[in-house]
Amino acid sequence: MSVAFVLAFLATLFFGVRLIVFTFYWADPEHRFQTLEGWMTPRYIAHSYGLPPEMVAGILDIGQPAAHRRTLDEILRESGQSMADFQRRLTEITASGAADAQ
Amino acid sequence: MTDFLFQLVADYGTVFLFAVTFLSCLAVPVPASLLMLSGGGFAASGDLGLWSAVSASYLGAVSGDQLGYMLGRHGSGAFRGFEGRHPKRAAAFQRARNLTLTWGGSGVFFSRWLLSPLGPYVNFASGAAGLHWGRYLAWGAAGEAIWVALYIGLGYGFASRVGEFADLLGSASGLLSALALTVGLGLWLRHALRHHKFRKPTTRDTKTDES
């Protein structure tokens, strides 16, 4: 029983520290935009970045966003495009979109 | 690992959501809450239907609860033979059973969503303690509705911040559950210590009684 108590107490500390660390991490404005991840779908990326889905599909050169949910990993593997390239082009378009809006 | 599971949500959609909420009710360590967040995110972007994601997660959770309860109920026979041979163990089990019967309804309700990491164990305990099935079902179904609506709703509303919510909500829910366990075990320990003192009087009997 005492061992269980100590373990539960340590778990409380662990999650407490984890919560504080993540709170500071996400409070930093630099981390406001989600970085791209392989599990994201083109439509999901469009939604996250506030872009029309056709534009993201255009950068990835996949035509219309497919009805089937293909993820970024699958698409990039097929096209041979690198994640860094895609991220750079997406950032350029987002930045130019923000400049146009001003 | 989470990325791989998010990928499976994209690949298999609602079927996968059903499977993870079902398994999470049986103490299989899958981050069902976080996967519902991503399911909500995919629903917001149009990759999943919102209502099919909600109903698949909800059906998975409620049916997983039922199986957990049944396992507790029918598996407890063997356990009873084991604890019955030992009076102290029988007393401890009786106390756990009384606790579940007194707090059962609200315990089931809050362990569905606020303290969700404790959920599967409450399922086994409810079945083993013989908590009334109708009462268990009603509180469980209400709690699961909040759990599913909360996480899919947050994922849907804040789709562009799923990563942030996954980190923060995961920590907060772990913290609350661990804290509840610590306080519960602490109270139990204090009770056991006092009990122990009364049962084993020393020569300084009066002093120990005061403490």
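Which residues touch the most other members of the largest nonpolar core? In this predicted model, they are B:L17, B:M36, B:L37 and B:V148. The core holds 42 residues. Both chains contribute to it. From chain A, α2 and α3 (53-60) each give two or more residues. From chain B, the elements that do so are α1 (2-24), α2 (32-45), α3 (50-84), α6 (133-157) and α7 (162-199). The most comes from α2(B), with eight residues.

Leaving aside residues up to four places away in sequence, B:M36 touches B:L17, B:S57, B:V148, B:Y151, B:I152 and B:G155. Two of these partners, B:L17 and B:V148, are themselves among the core members that touch the most others. A second core is separate and has nine residues. Among them are B:Y69, B:L118, B:L131 and B:Y136.

The two chains also meet at an interface. Here, 28 residues of chain A are in contact with 31 residues of chain B. On the side of chain A that touches chain B, α1 (2-27) and α2 (42-49) each supply at least two residues. The largest share, 14 residues, comes from α1(A). By type, this side of chain A divides into 13 nonpolar, ten polar and five charged residues.

One glycine of chain B was considered separately. B:G134 lies in helix α6 of chain B. B:G134 counts as exposed because it has 8 C-beta neighbours inside 10 Å, and the cut-off for exposed is 12 or fewer. B:S24 is 110 residues away from B:G134 along the chain. The C-alpha atoms of these two residues are separated by 22 Å.

Definitions and conventions. Residues numbered from 1 in each chain as written. Chains lettered and ligands numbered in written order. Predicted model: local features only at pLDDT ≥ 70, side-chain atom pairs only at ≥ 80, totals over all residues. Contact = placed C-beta atoms within 7 Å. Helix = DSSP H or I, 4+ residues; strand = E, 2+ residues; numbered from the N terminus. Nonpolar A, V, L, I, M, F, W, Y, C, P; charged D, E, K, R; others polar. Core = buried A, V, L, I, M, F, W, Y, C linked by C-beta atoms within 7 Å. Buried ≥ 20, exposed ≤ 12 C-beta atoms within 10 Å, placed from the backbone.
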